[in-house]
Amino acid sequence: MSSSPEPQQQQKSQKQVDAEFTSYYLQRATQEFGEALDAVRSADDFKPDSSIAVLISALQQGTGMFSEEDKRAIICSEGAARSSK
């Protein structure tokens, strides 16, 4: 069985794949690190106006460790998992 992305996923532009992957990654990161993020948000020096943007940017940096091929494969497998539910 081939591990290449499904045709629908292959038709998506890299920009679309990047956007979907970033959304997926941020959702997973906030689920996995929820308690730590809550601790950061409740810190005395946390400023909602500026700290939230910095926190989001820091989390988004994690997407850079994935290759374009990996991002496409993850989005493809997540799409397949959602459509089978």
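This report describes the fold, core and aromatic contacts of a predicted model.

Residues are numbered from 1 along each chain as its sequence is written. Local features need pLDDT of at least 70, side-chain atom pairs count only at pLDDT 80 or more, totals for chains, interfaces and linings use all residues, and side-chain values use heavy atoms, with hydrogens and water left out.

The protein has 5 helices and 0 strands, where helices are DSSP runs of H or I with at least four residues and strands are E runs of at least two, numbered from the N terminus.

Of the 85 residues, 22% are buried (under 20% relative accessible area; exposed is over 50%, partly exposed in between; 1.4 Å probe, protein chains only). Apart from neighbours within four places in sequence, Val17 is in contact (heavy atoms within 4.5 Å) with Lys12, Lys71, Arg72 and Ile75.

The structure holds 4 aromatic pairs; rings of Phe, Tyr and Trp (its six-membered ring) pair if their centres lie within 6.5 Å, and planes under 30 degrees apart count as stacked, over 60 as edge-to-face and the rest as tilted. Tyr25 and Phe66 pair edge-to-face, at 6.0 Å centre to centre with 70° between the planes. Phe66 is partly exposed, at 24% relative accessible area. Ring pairs link Phe21, Tyr24, Tyr25 and Phe66 into a cluster.
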